[in-house]
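Open the model in your viewer and keep the selection tool ready. We will go stop by stop.

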Amino acid sequence: MHSAIRLHQSASQPALRALAAGLLLLLLGLPVSAQNAPANPNTPDANQPTAEPAAQPAVQPTTTSSENVVKMEAFHVNAGYAVSLQADAQAKQSNSAIVEVITAEDVGKLPDISIADSLTRVTGLAAQRTNGRSQQISIRGLTGDFSTGMLNGREQVSSGENRSVEYDQYPTELLDQVIVYKTAAADLTSQGLAGTVDLRTVLPLSKGARTIAVGGYYQWTQYGDLTPGASRTGERVNASYIDQYGDGKFGLALGFAYTVTPWEGKQFQAWGYPTDSAGNFIMGGTKSYVRSSNLKRTGMMGVFEVKPDENTHMVVDMYYSSFEEKQLLRGMEIPMAFWGDATLQPGYTVTNGLITDYTLTGVHPVVRNDTFKRTDSPFSIGYNLQVGLKSEWPVTFDAGYSRINRTDVNLETWSGFGFNKPAGKSDTMTVKEIPGQVPVIHSTFDYSTGTGLVLTDPQGWDTWYGPISGTGAPGYLKYLKSKDELGQLKLFTVHDLHRAVSKLEFGVSYTDRYKRDGEGPSGFPVNANGHAEAPLPPQVGTTDMSFLGLGRIYAYDPLAAYDSGAFTFVPNTNWDYVAQRFDVEEKVTQLFAQVNLDTKLFGLPLTGDIGFRVINADQASKGYSRNGATNLLTLVKDGARYTNFAPDVNLKLTLDTGTYLRFSVARQVARPRMYDMRAAQAYGFDPSLATSTDLNHSPWSGSGGNPKLRPWLSDSVDLSLEKYFKENRGYVAFAAFDKHLLNYIYNQNGLESFGGYPTGGITPVLTQGIVTVPLNGTGGDIRGMELTVSLSSELISSIKGFGIVMGGAYTDSSVKPWGPTGGNAPIAGLSRKVANVTVYYESHGFAVRVSDRYRSSNRQYITTFGPPNRGGDVSSGGGFSVAQPENIIDAELSYSLQAGPAKGLTIYLQAYNLNDEPLVTYNNGDPRQVMNYQKYGASYSFGASYKF
């Protein structure tokens with residue numbers, strides 16, 4: 001599978017730089033020559049986009065039927081939530097694909113801090129909360145690995161470890177609309193298997209008048225100051241400018257959004273639940289924190305639009321964000337009975353096989369003062385040129401470049417009674433388990449003053465490392481870095497046929513992506529005095545651990561202590577983490593063709609499209625494989641080339657005015673996770689088996705990634721029945737879908753060549769061995785139903801201003817995530833039931849809105865500290881657990897002045913997670929054995945916006 005070779009610098013980076021340079025040249029050169037394209041006044045306007053947003057970024061999608069042409073500007077004249085719902089309904093009704101739409105209420109006004117929160121209120125979508133905020137989005141029960149995130153129709157890179165876009169990077173103030181595509185179309189070349197999320201900025205020429213909007217908000221959290229050094233307050237500031245010049249031939253839109261958002265949390269995590277000699281379960285240890293974090297994000301957006309004549313249209317759009325997250329986590333890790341050195345005392349209480357009330361002696365806790373810092377900077381630029389719009393063959397050229405660099409710093413520092421469980425220095429603790437809740441733990445030691453505590457390795461965890469085996473280290477420090485670059489080009493033409501087959505479209509697209517991610521350098525912050533113990537750094541206050549019953553504990557600034565020279569960094573040269581790094585390049589070329597339909601079936605209007613994509617992928621990865629016994633590294637590289645064929649059909653039958661039956665069938669494709677595609681692996685060579693001729697007893701073995709991994713494939717069928725009411729003041733939509741996954745990716749045993757790997761001078765008979773790597777295996781079906789109801793009170797009564805939006809989805813899966821013999825578990829991210837409801841009232845400038853979103857239990861990786869798990873859900877030991885059902889309530893209250901000198905001023909009060917919903921997981925499905933219990937508190941913001 002892999003070959004050990006000498007590598008040079010990857011060719012992908014200069015290729016992408018050349019692509020970006022070419023893009024800039026196009027910005028300067030192409031618009032000039034394009035203005036002379038020939039015109040044909042008899043050809044209908046080709047500026048109406050089909051399902052592919054890259055063709056006309058941010059232009060609203062329409063069908064080929066002239067009766068459904070949408071002019072969305074009509075919905076922006078009077079701002080408000082109800083009007084935005086009308087725009088959503090019109091866009092959904094008019095698209096040839098099955099879509100969901102979110103439209104801004106006004107310039108710079110989508111009702112959330114990030115677009116991730118807005119997406120959670122879309123039918124069939126759900127979010128995983130990371131440290132309290134919505135971040136990763138699941139569509140129809142499939143995680144972000146199966147979907148694609150786009151900006152103005154172009155695929156975006158990710159700050160995460162794989163492809164899944166982290167939507168909290170995108171401030172809502174800079175977006176005009178979001179379209180979620182749930183079905184495929186041939187010209188939607190960046191589509192995902194589960195769905196495609198297209199974030200759209202505004203087109204300035206569509207607004208028709210100069211608009212200036214500004215806003216400012218004060219933010220705070222429900223909890224008090226849980227730990228010193230992080231503020232529980234923050235602010236948001238945004239500004240938008242839109243204008244048109246040269247008699248409407250030139251347009252400019254600029255946006256700025258700055259936020260410092262506080263987040264807090266109380267996090268309990270159990271190590272697990274071992275059993276005593278009688279088989280009774282007991283908590284084996286806990287690692288619990290309070291967390292205070294601040295997210296600082298500066299986002300900027302610019303759109304330059306040119307339409308010098310009816311034949312030419314050019315759009316240049318840019319987006320940049322600077323993102324910084326700082327976390328302070330302070331708490332205590334406590335090894336307990338059976339998994340630690342603590343002793344369970346007689347007299348404990350056993351309730352139905354669980355020890356629930358007990359005393360431990362000889363406890364040596366690890367007091368933790370940790371910090372995590374993440375910085376990244378997403379950047380995206382796009383260029384779209386349409387020429388010959390009135391000709392027989394209008395041509396569209398689209399180019400884009402997306403880049404992100406991310407750096408994580410993860411510092412743990414420890415203190416305790418002394419080095420490596422000192423005799424005669426320990427605590428006595430009582431523990432009371434509460435079913436479904438955080439246990440109550442009381443200690444006999446006062447941890448608030450620091451008296452009796454030293455900076456040390458209390459459990460001797462770091463003594464395994466030879467250079468510091470005598471002293472250990474009071475913590476661990478690691479860096480993680482990532483770079484993700486994506487260049488893309490697309491060229492296509494459209495030709496009107498004026499028949500039942502109304503339009504022909506064909507073209508080519510090309511993407512070139514390069515991503516590297518990994519840990520290093522990493523190592524041990526050893527006490528600078530050279531001893532196993534050192535005095536505590538200066539106290540900055542105390543941490544409130546009363547939610548666990550522990551009271552207050554000594555707090556210091558871990559980063560300041562490190563910077564002050566309290567530690568000496570000793571690098572970890574045990575290169576196991578090097579085998580986790582990846583460096584992946586992929587080049588994907590697609591040929592696509594599509595015909596649009598505009599005919600009748602049984603006398604009823606039938607529109608839609610039929611198309612296909614031919615997808616050619618060329619992928620490669622390089623990295624280092626590590627020998628676990630000798631710690632030797634071998635440079636490796638491998639890859640694959642292959643082609644997939646993906647046809648699709650989208651049909652829309654008009655049953656009556658505003659009533660449609662939609663049908664879609666398609667082969668959908670999702671590229672594999674980039675971490676799974678890594679060439680690096682951990683391997684072993686057993687000299688005692690050098691003469692073996694049996695592959696089952698080969699001297700070679702290993703585990704790691706698979707650069708030859710093929711994409712997920714699904715044959716998908718969708719059916720939707722939709723009824724839209726008068727003036728789009730509401731609609732009812734019922735949809736059903738079946739995704740038949742032809743394969744699924746999970747760890748399996750495969751055969752790999754180790755030719756060229758070092759053997760210490762031994763020549764083995766076999767050069768192949770069995771390795772455990774991600775492979776394409778057995779798939780299954782994901783089936784579901786969705787119902788959306790959007791109604792305004794004007795439809796049923798004379799009372800005005802009230803409305804309700806409800807969405808619900810039920811999804812089931814037969815996919816076994818670890819293969820047919822890997823045990824039974826639902827796929828990660830799948831909640832069988834997802835629902836949301838929003839009730840609103842708007843009248844005379846006053847508006848109130850309350851939203852409730854629900855998702856049933858689902859398997860997810862729970863992040864407590866530092867970066868999330870990169871390995872994914874490819875084996876039963878991946879660290880995923882079942883999160884219990886959650887129900888989250890948000891609300892907004894606002895008032896807009898309708899007259900007078902302050903007309904245009906709107907005052908807002910917003911609240912998120914009003915019910916302080918916890919994130920909870922259990923061990924073995926037993927509510928008494930709580931594994932994770934995280935509460936984040938409510939978040940509030942108060943402020944105002946003004947539109948000139």
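Is Tyr683 buried or exposed? Select Tyr683 and see: its relative accessibility is 4%, so Tyr683 counts as buried, the cut-off for buried being under 20%. Keep in mind that this is a predicted model.

**Stop 1: aromatic rings**

A search of the whole structure finds 34 aromatic pairs. Start with Trp220 and Tyr940. Their rings are stacked, 5.4 Å centre to centre, with 25 degrees between the planes. Trp220 belongs to strand E9 (residues 211-221) and Tyr940 to strand E48 (residues 939-947), so this pair ties together parts 720 residues apart in sequence. Now check the surface around each residue. Trp220 is partly exposed, at a relative accessible area of 25%. Tyr940 is also at 25% and counts as partly exposed.

Tyr683 is in strand E32 (residues 681-685) and Trp700 in strand E33 (residues 700-704), so the pair ties together parts 17 residues apart in sequence. Trp700 counts as buried, with 3% relative accessibility.

**Stop 2: charges over rings**

Select Arg678 and Tyr675. The charged end of Arg678 sits over the ring of Tyr675, 4.0 Å from the ring centre. Then select Arg849 and Tyr81. Here the charged end of Arg849 sits over the Tyr81 ring, at 4.1 Å from its centre.

**Stop 3: a helix**

Select residues 81-94, which make up helix H2. The helix has 14 residues and reaches 20 Å from its first C-alpha to its last. That is close to the 20 Å expected at 1.5 Å a residue. How many residues of H2 are buried? The count is 13 of the 14, so H2 is largely enclosed by the rest of the structure.

**Stop 4: a cavity**

Next, look for the second largest cavity. Its volume is about 460 Å³. Select Thr148, Glu155, Thr189, Ser190 and Gln191: of the 33 lining residues, these lie nearest the cavity's centre. Several strands each supply at least two residues of the lining, including E5 (147-151), E6 (154-155), E23 (475-496) and E24 (501-527). Which classes of residue make up this lining? There are 10 nonpolar, 13 polar and 10 charged residues.

**Stop 5: the backbone**

Most residues other than glycine have a negative phi, and most peptide bonds are trans. Look now at some exceptions.

Select Gly520 and Pro521. A cis peptide bond joins them, with omega about -5 degrees.

Move to Arg140. Its phi is positive, near 55 degrees, and it is a residue other than glycine. Arg140 is in the loop between strand E4 (133-139) and E5. Arg140 is buried, with a relative accessible area of 1%.

Finish at Glu727. This residue is not a glycine either, yet its phi is positive, about 55 degrees. Glu727 is in the loop between strand E34 (712-724) and strand E35 (730-741). Is Glu727 buried or partly exposed? Its relative accessible area is 48%, so Glu727 is partly exposed.

How values were computed
Residues are numbered from 1 along each chain as its sequence is written. This is a predicted model: local features need pLDDT of at least 70, side-chain atom pairs count only at pLDDT 80 or more; totals for chains, interfaces and linings use all residues. Side-chain values use heavy atoms; hydrogens and water are left out. Rings of Phe, Tyr and Trp (its six-membered ring) pair if their centres lie within 6.5 Å; planes under 30 degrees apart count as stacked, over 60 as edge-to-face and the rest as tilted. Helices (H or I, at least four residues) and strands (E, at least two) are DSSP runs, numbered from the N terminus. Buried means under 20% relative accessible area, exposed over 50%, partly exposed in between (1.4 Å probe, protein chains only). A charge sits over a ring if NZ of Lys or CZ of Arg is within 6 Å of the ring centre and within 35 degrees of the ring normal. On a 1 Å grid over the protein atoms alone, a cavity is a set of points where a 1.4 Å probe fits but cannot get out, and a pocket is an open set with protein on both sides within 12 Å along at least five of seven lines; lining residues have an atom within 4 Å of a point. Grid points are joined across faces, edges and corners, and a volume is the space filled by probe spheres set on the points. Ala, Val, Leu, Ile, Met, Phe, Trp, Tyr, Cys and Pro count as nonpolar, Asp, Glu, Lys and Arg as charged, and the others, Gly among them, as polar. The expected span of a helix is 1.5 Å times one less than its number of residues.
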